[in-house]
Amino acid sequence: MSCSASSERLARMRAACAEAGLGAFLVRDTSNIAWLTAFDGVFDDEDAHALLVGPDAAVLHTDSRYAEAARAAAAAERAVEVDAERKTHAKFAANVILSGGGAAAGVEGSPAAPAEDAATFSLGIEDSITLAEYRALEAAFADAPARPELRETSGFVRSLRAVKDQAEIARMKQAQAVTDAAFAHIVGFMRPGLTELEVQIELEDFMRRHGAEGLAFPSIVATGANGASPHAVPGETPLEAGQCVVLDFGARARGYCSDMTRTVFLGEPDERMRAAYGAIREANERVEALLRPGITGKEAHELAERVLEEHGFGGTMGHSLGHGVGIDIHEEPNLSPRNEEPLAVGNVVTVEPGIYLPGEFGMRLEDFGAITESGFDIFTQSPHDMVIL
């Protein structure tokens, strides 16, 4: 990531904190920390880090397993300090804040505090903090001359992450290039008689051998009636002629995810399958043509539902039309009937209409891309034409 990435993100974080009346912010969610620091090659799935963001500095508290890599990354970014002292995250946060230096230097008073109590300040706590850590923070501040206000938050950093910068978009395009190549490969590999699990193994192995640092999520390979379950788990069910197969998969590259779904037909599909595929293709393409700044997730979802209904498949989707993608496979914003917030430039979302007919078949067609000033930049390069093997 560029040397300015962390500085720019921390500046956005500080501006949001100021607007919310927060003088400092304690972040415990690893994906949020990875985004704010812009550190590469440091974090894994271990929940072992805390980041305290103040008005003048940001300090990452970690342990000896990550300290060397974190310090090397911090030297490149120059926006984050690293503290690897053996202590709890709560003790770390309290020490930094009460010291009056480091991340807490110049911490502003809470707007809610009495005017005569100017030393009081407000600490935001991301919603992934545990109750035990919250209680430990309360205890650490109990004897402080000016006890900070502890204000729990929900999705504070995730809402900032919903707007991607160009470096993030470049990484997702790189991940999608691996995913598109994997689809071209698996189409040549699939044949009746193979099991869902065998196809999944080949698909994931290809991605790992061709540029993916990992998987965005466990791949879905669902044939026949199994495809009617949107999150089907691949098993020993064999692929058979006359069926369709749902493939939902994605690579991870340089810390960022991709996500795509295609439906492949084993032999000529019957009339009902062709009609269903025509419906999801039209729903996908009409929504992608609609997407632009100002359109809401609700409007996008409802357009897809109308198209499916026009084709005689009303009420067969059952899930939201799409979701945000980034460091995590599910981020904000959502293309959902509950999301009435307008989309903004830099939002990255999936468009994945589906039809699910229990006991018969299921199918889905998914791309993802970024909202731009003029519309929707689709990262997925695999075409929408029916693939018949």
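A hairpin of four residues connects strand β2 to strand β3 in this predicted model, in which local features require pLDDT of at least 70, side-chain atom pairs count only at pLDDT 80 or more, and totals for chains, interfaces and linings use all residues. Residues are numbered from 1 along each chain as its sequence is written, and side-chain values use heavy atoms, with hydrogens and water left out. Helices (H or I, at least four residues) and strands (E, at least two) are DSSP runs, numbered from the N terminus. Two strands are taken to pair if DSSP finds at least two bridges between them.

Strands β2 (residues 50–53) and β3 (residues 58–61) pair in the antiparallel sense over four bridges, and V53 has A58 of β3 as its bridge partner. Strand β1 (residues 24–27) is also antiparallel to β2, with three bridges between them; here L26 stands opposite L52. Strand β2 is covered on both faces, with A50 and L52 buried on one side and L51 and V53 buried on the other. Buried denotes under 20% relative accessible area, exposed over 50%, and partly exposed the range in between (1.4 Å probe, protein chains only).

Helix α4 (residues 89–99) has the buried residues H89, A90, F92, A93, A94, V96 and I97. These residues pack against β1, β2, β3, β4 (81–83), β5 and α5 (131–141), contact meaning heavy atoms within 4.5 Å. Strand β5 (residues 122–125) contains L123, which is buried with a relative accessible area of 0%. When residues up to four places away in sequence are not counted, L123 touches L22, A24, F25, L26, L52, I97, L137, F141, E149, L150 and R151.

The protein as a whole has ten helices and 20 strands. Of its 389 residues, 55% count as buried. Its C-alpha atoms fill a box of roughly 75 × 40 × 35 Å along the principal axes. Among contacts between residues at least 6 apart in sequence, 68% join residues at least 24 apart. The accessible surface comes to about 16,100 Å², and carbon and sulfur atoms account for 50% of it; accessible areas come from the Shrake-Rupley method with a 1.4 Å probe, and for residues only the protein chains shown count as cover.

An open sheet is formed by four strands in the order β8-β9-β12-β20, with mixed pairing. Its edge strands, β8 (220–223) and β20 (387–388), each pair on one side only. Strand β12 (residues 260–265) runs parallel to β20 and is joined to β20 by two bridges, with F265 opposite I388.

Pockets were located on a 1 Å grid over the protein atoms alone: a cavity is a set of points where a 1.4 Å probe fits but cannot get out, whereas a pocket is an open set with protein on both sides within 12 Å along at least five of seven lines, and lining residues have an atom within 4 Å of a point. Grid points are joined across faces, edges and corners, and a volume is the space filled by probe spheres set on the points. The largest pocket has a volume of about 520 Å³. It is lined by 23 residues, of which A34, F43, R252, G255 and I327 are the closest to its centre. Helix α2 (residues 30–37) gives the most to this lining, with four residues. The lining of the largest pocket comprises ten nonpolar, four polar and nine charged residues, where Ala, Val, Leu, Ile, Met, Phe, Trp, Tyr, Cys and Pro count as nonpolar, Asp, Glu, Lys and Arg as charged, and the others, Gly among them, as polar.

The second largest pocket has a volume of about 420 Å³. Of its 23 lining residues, H231, D248, H323, H330 and E352 are the closest to the centre. Strands β13 (322–324) and β14 (331–335) each supply at least two residues of this lining, which divides into eight nonpolar, nine polar and six charged residues.

Most residues other than glycine have a negative phi, and most peptide bonds are trans. The peptide bond from E332 to P333 is cis, with omega near 0°, and P333 lies in strand β14. A38, in the loop between α2 and β2, has a positive phi near 60° and is buried, with a relative accessible area of 6%. R254, in the loop between β10 (251–253) and β11 (256–257), has a positive phi of about 50° and is partly exposed, with a relative accessible area of 42%.
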